[in-house]
Amino acid sequence: MTDITAPQNGVPSDEQAEGDTAEQRRSKRQRSAWLFARDLLIIFVVALLASVLIKTFLVRSFFIPSGSMENTLQIDDRILVNQLEPGLIPLERGDVVVFQDPGGWLPAVAEPEKNPVAAALDWVLEGVGLAADDANDHLIKRVIGLPGDHVVCCNALGQMTVNGVPLDETAYLKLPDGVSAVSQESFDVVVPEGSLWVMGDNRYNSADSRFNQDQPGKGFVPIDNVVGRAILVTWPVDHWTWLDNYGSVFSSVPDAADAVEPAPVSTTTGGE
């Protein structure tokens, strides 16, 4: 008597064929799941490395902790900073730059205590550029003077001059009501080689180069301290904007080497 479950002439029965097919399907599903998980892991690692490289070499996020750059930037705005400047692209007058404290500009601030989990999460998010840096040792100001520039304030109209050319800064300045002088402090400086003279747009509420002339750097910011140029407000959404350097304000300013400044007006009436 022939067993109907046994293969005949080496051909598997219908039940065995169905069993093998189910097993193959399970194997394929398992393999597909593994390939999917592997691809996700590869994508995550590549994205993580790309984020770190972008933050390290291209752009970096910061938040604004004070009102010194109002109304250009508001407190708690989030910005993106182009780190190719000044490394590969030279800075220009009018650029808004983020820089590390040259020394003595900011008061010492104790780091807030965080639980280990929150600290680790912040470290990871900041490392990949998904969270804005606290910037406890960084500042943001507008470049007014480049190396060699002669910066003076104020003339009879309350304007600042760079290499003898008066600046009309009304496009970006915030001044108190009824005030026309662009600085409450007079100054006359020549920017040293490798340094910048920087000022806040909220001119009467900005501890900038003017107010740090008693520090070791004499109020000047070493270009090596510049992290990069602020290019974009990213948050909140209603503040989104590209940051202008108002090149037209500085377009008439000659390079320091080419500047021919007017001679000072003599008040002598006669004799020696």
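1. **Basis.** The model is predicted, and local features need pLDDT of at least 70, while side-chain atom pairs count only at pLDDT 80 or more and totals for chains, interfaces and linings use all residues. Residues are numbered from 1 along each chain as its sequence is written, and side-chain values use heavy atoms, with hydrogens and water left out.

2. **Overall make-up.** The chain contains three helices and 12 strands, where helices (H or I, at least four residues) and strands (E, at least two) are DSSP runs numbered from the N terminus. Of its 272 residues, 33% count as buried; buried means under 20% relative accessible area, exposed over 50%, and partly exposed in between, with a 1.4 Å probe and protein chains only. The accessible surface comes to about 16,600 Å², and 57% of this belongs to carbon and sulfur atoms, the areas being computed by the Shrake-Rupley method with a 1.4 Å probe. Among contacts (heavy atoms within 4.5 Å) with a separation of 6 or more, 72% are accounted for by residues 24 or more positions apart.

3. **Pairing around β2.** Two strands pair if DSSP finds at least two bridges between them. Strand β2 (residues 78–82) pairs with strand β1 (residues 59–63) in the antiparallel sense over five bridges, and Arg60 stands opposite Val81 of β2. An antiparallel pairing over five bridges also joins β2 to strand β11 (residues 226–235), where Leu80 stands opposite Leu232.

4. **The four-stranded sheet.** An open sheet of four strands has the order β7-β6-β5-β8, with antiparallel pairing; its edge strands are β7 and β8, each of which pairs on one side only. Within this sheet, β5 (residues 150–153) and β6 (residues 160–162) run antiparallel and are joined by three bridges, and Met160 in β6 is the bridge partner of Cys153.

5. The structure holds one disulfide, a disulfide being a pair of cysteine sulfur atoms within 2.5 Å. Cys153 and Cys154 form this link with their sulfur atoms 2.1 Å apart, and with 60° about the S-S bond the link is right-handed. Cys153 is buried at 4% relative accessibility, whereas Cys154 is partly exposed at 29%. Val182, placed in the loop between β7 and β8, is buried with a relative accessible area of 7%. Its C-alpha is 8.0 Å from that of Cys153, although the two residues are 29 residues apart in sequence. Not counting residues up to four places away in sequence, Val182 touches several residues, including Cys153, Cys154 and Met160.

6. **Aromatic pairs.** Rings of Phe, Tyr and Trp (its six-membered ring) pair if their centres lie within 6.5 Å, with planes under 30 degrees apart counted as stacked, over 60 as edge-to-face and the rest as tilted. By this rule the count comes to five aromatic pairs. The pair of Tyr172 and Tyr246 is tilted, because the ring centres are 5.2 Å apart and the planes stand at 45°. Tyr172 lies in the loop between β7 (165–166) and β8 (187–190) and Tyr246 in the loop between β12 (241–242) and α3 (247–250), so the pair ties together parts that are 74 residues apart in sequence. Tyr172 is buried at 4% relative accessible area, whereas Tyr246 is partly exposed at 24%. Elsewhere, ring pairs link Phe187, Trp197 and Phe220 into a cluster.

7. **A charge over a ring.** The charged end of Arg142 sits over the ring of Tyr172, 4.2 Å from its centre; the criterion is NZ of Lys or CZ of Arg within 6 Å of the ring centre and within 35 degrees of the ring normal.

8. **Backbone exceptions.** Most residues other than glycine have a negative phi, and most peptide bonds are trans. A cis peptide bond joins Glu85 and Pro86, with omega about 5°, and Pro86 is in the loop between β2 and β3 (96–100). The bond from Trp235 to Pro236 is likewise cis, with omega near 0°, and Pro236 lies in the loop between β11 and β12. Asp76, in the loop between β1 and β2, has a positive phi near 75° and is partly exposed at 44% relative accessibility. Lys218, in the loop between β9 (195–199) and β10 (221–222), has a positive phi of about 60° and is exposed, with a relative accessible area of 52%.
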